[in-house]
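The notes follow the order in which I looked things up.

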Amino acid sequence: MEEKTYIFTKKQLNIEKNKVLSKFASVASHDLKNVVGGISNISYYLSKTVKPESETQKKMLDLLSKEVITLNNRITEVLDMTRVKQLTKSVCDLQNLIIKAIEENKIDGITFEQNLVPVKVYVDPERMKQVFSNIIKNAEDAMKNNGTITIATTIEGQNVVTTISDCGQGMNAETLENCFDPMFSTKLAKAIGMGLTVAQQITEMHNGKIDISSEEQKGTLVKITLPTYKED
Ligand SMILES: Nc1ncnc2c1ncn2[C@@H]1O[C@H](COP(=O)(O)OP(=O)(O)OP(=O)(O)O)[C@@H](O)[C@H]1O
Ligand SMILES: [Mg+2]
């Protein structure tokens with residue numbers, strides 16, 4: 001039998017890739033969560049009943065409890081990242097939302113320069129905060145946790161444009177072309193490459209868009225365009 005050939009655009013291919021990934025992640029994470037739940041119970045039982053005979057044994061038991069919690073959090077993160085849930089929209093002040101995202105991602109070595117205007121948007125605040133967080137985290141990674149991230153908002157007609165710029169390592173042409181692809185990452189084992197995929201998905205669900213310009217060794221500028229909220 002002759003095999004059929006399908007022609008997909010990059011965008012269509014990414015949508016299909018995402019569907020498979022989300023399905024896989026939700027099934028795998030669900031099973032993994034059960035297993036981790038079991039390990040967590042055992043680790044709790046051991047920590048309460050075993051009397052460590054040495055300092056090393058005590059350290060190992062403590063480490064076991066901590067690592068189980070980390071593992072559980074990582075699985076939840078993967079699940080959250082691959083699955084964009086239904087939006088729960090409300091009228092919010094974009095400025096506050098961005099400030100919250102900055103607060104949650106503050107780390108030593110990174111300074112934030114802000115030039116934000118108060119502006120109302122009709123969005124899911126948790127999801128949009130996730131968009132800004134994902135982009136801020138990338139900027140921090142690109143600057144190796146050392147430098148200034150500049151965030152500004154401007155009103156452009158019916159839209160509000162947020163720019164997030166860093167002076168980090170920037171992207172080469174290939175990375176720039178593929179950075180929104182599901183599971184595309186240049187960070188090897190340290191990341192899963194879903195941050196921008198999810199950020200783009202969420203932004204588009206709000207009738208917005210994300211544009212990125214970047215230059216190697218110079219830095220990256222991410223532009224998030226969202227419609228402003230209009231009162232009738
Ligand atoms: N500000 C930036 N500066 C330089 N490169 C960037 C920047 N933002 C994204 N990239 C590039 O785009 C790739 C994809 O980004 P994305 O956020 O989707 O995944 P990730 O950061 O690698 O992993 P994850 O976000 O899932 O932890 C990154 O691996 C990196 O190569
Ligand atoms: Mg990322």
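**Entry 1: α4 and α6.** I began with the handedness of a helix pair: α4 and α6 cross in the left-handed sense. The model is a predicted one. For the geometry, I found that the axis of α4 and that of α6, the helix of residues 195-205, come within 9 Å and cross at roughly 145 degrees. I then listed the residues in the contact. α4 supplies R127, M128, Q130, V131, N134, I135, K137 and N138. From α6 come G195, L196, V198, A199, I202 and T203. Sorted by class, the contact of α4 with α6 has seven nonpolar, five polar and two charged residues.

**Entry 2: α3 and α4.** I next took α4 with its other listed partner, α3. Their axes also come within 9 Å, and the crossing is at roughly 50 degrees. Are α3 and α4 parallel or oblique to each other? Angles under 35 degrees count as roughly parallel and 65 to 115 as roughly perpendicular, so the pair α3 and α4 is oblique. The crossing of α3 and α4 is right-handed. On the α3 side I noted L97, I98, K100, A101, I102 and E104. On the α4 side I noted P125, M128, K129, F132, S133 and I136. The class count for the contact of α3 with α4 is eight nonpolar, one polar and three charged residues. M128 is in my list for α3 with α4 and in my list for α4 with α6.

**Entry 3: the sheet.** I traced an open sheet of five strands, ordered β2-β4-β5-β7-β6, with mixed pairing. Which strands stand at the edges? They are β2 (110-115) and β6 (209-215); each has a single partner strand, so one side of each has no neighbour in the sheet. From one strand to the next, the twist averages 15 degrees. I looked at one pair in detail: β6 and β7, the strand of residues 219-227, are antiparallel and joined over seven bridges. One bridge I checked pairs D211 with K223 in β7.

**Entry 4: helices on the sheet.** α3 (residues 94-104) packs on the sheet and touches β2, β4 (147-156) and β5 (159-166). The direction of α3 makes about 165 degrees with that of β4. α4 (residues 125-142) packs on the sheet as well, touching β2, β4, β5 and β7. The direction of α4 makes about 20 degrees with that of β5.

**Entry 5: domains.** I found the chain divided into domain 1, 10-82, and domain 2, 90-227. How far apart are the centres of the two domains? Taken over C-alpha atoms, the separation is 27 Å. Seven residues from domain 1 and seven from domain 2 make the contact. On the side of domain 1 that touches domain 2, α1 (10-49) and α2 (55-82) are the elements that give two or more residues. α1 gives the most there, with four residues. By class, that side of domain 1 has three nonpolar, three polar and one charged residues.

**Entry 6: whole chain.** The chain has six helices and seven strands. Their order from the N terminus is α-α-β-α-β-β-α-β-β-α-α-β-β. Along the principal axes, the C-alpha atoms fill a box of roughly 70 × 60 × 45 Å.

Notes. Residues numbered from 1 in each chain as written. Chains lettered and ligands numbered in written order. Predicted model: local features only at pLDDT ≥ 70, side-chain atom pairs only at ≥ 80, totals over all residues. Pairing = 2+ DSSP bridges. Axes fitted to C-alpha atoms, helices over the stretch in contact; angles between N-to-C directions. Contact = placed C-beta atoms within 7 Å. Domains from an automatic or database assignment. Nonpolar A, V, L, I, M, F, W, Y, C, P; charged D, E, K, R; others polar. Parallel < 35°, antiparallel > 145°, perpendicular 65-115°, else oblique. Left-handed = near helix turned anticlockwise from the far one by under 90°.
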